[in-house]
Amino acid sequence: MLFRSSSKELELFDIKKLVDNSIKLVESSYKHNYIDLEINIKDNISLKGFLSEAIQALINILNNAKDAILSNNPSQKVVIIEVYLENDSIVISIQDSGGGIPDKIKEKIFEPYFTTKHQSQGTGIGLYMSNEIISKHLNGKITVENMKFNYNNTECFGADFKIYLPIHKDGE
């Protein structure tokens with residue numbers, strides 16, 4: 001489901017509000033499944049867009065990360081959200097310890113109706129909608145890579161989704 005903004009006007013919001021509001025909506029399911037959620041926001045920058053749609057895009061990624069962790073059951077169950085500046089973009093990195101995305105399907109995950117889940121569990125719309133929101137409504141882009149990282153002295157492996165969003169400058 002895609003949330004619609006109550007206002008048709010673009011709004012100015014800060015990245016911390018986006019992350020905090022998104023986390024509030026998934027936090028209980030993470031706690032219930034004993035998944036650690038680490039947040040590191042290095043720069044709190046303003047964005048211009050539709051906050052509710054941006055939240056929906058983030059929630060889709062966070063829910064997929066949770067599902068990957070639950071299906072692979074790694075020794076460390078963790079999702080790490082990092083926000084930082086890179087060139088003229090705000091980067092939201094969402095890493096999970098869910099085992100990564102097989103190379104043969106990595107190029108397809110943003111296509112409509114593509115899912116790795118059983119029909120009763122997924123429609124293949126979540127990442128497609130996230131990509132549409134990020135590219136068309138927030139003028140950004142989303143990428144994904146598999147990577148290793150350390151958490152609590154344990155090597156983890158999973159997907160790293162990176163969302164690149166333009167920084168709002170006064171007067172724009």
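Analyst: Two residues are in contact when heavy atoms of theirs lie within 4.5 Å. In this predicted model, residues 24 or more positions apart account for 73% of the contacts in the protein chain with a separation of 6 or more. The chain has four helices and seven strands, which follow one another from the N terminus as β-α-β-β-α-β-β-α-α-β-β, and buried residues make up 45% of its 172 residues.

An α-helix has 3.6 residues a turn, so residues three or four places apart point the same way. The buried residues in α4 are Leu-127, Met-129, Ser-130, Glu-132, Ile-133 and Ile-134, and what covers them includes α2 (51-72), β6 (141-151) and β7 (154-166). Just after the helix, Asn-139 takes a positive phi of about 55°.

The surroundings of α4 also hold some ring contacts. A search of the whole structure finds one aromatic pair: the rings of Phe-110 and Phe-161 have centres 6.3 Å apart and planes at 85°, so the pair is edge-to-face. Because Phe-110 lies in the loop between α3 (103-106) and α4, while Phe-161 lies in strand β7, the pair ties together parts that are 51 residues apart in sequence. Both Phe-110 and Phe-161 are buried. Elsewhere, Lys-141 lies over the face of Tyr-164, at 5.1 Å from the ring centre.

Notes. Residues numbered from 1 in each chain as written. Predicted model: local features only at pLDDT ≥ 70, side-chain atom pairs only at ≥ 80, totals over all residues. Heavy atoms only, no water. Buried < 20%, exposed > 50% of the residue type's maximum accessible area, 1.4 Å probe, protein only. Helix = DSSP H or I, 4+ residues; strand = E, 2+ residues; numbered from the N terminus. Phe/Tyr/Trp six-rings, centres within 6.5 Å; stacked < 30°, edge-to-face > 60°. Lys NZ or Arg CZ within 6 Å of the ring centre and 35° of its normal.
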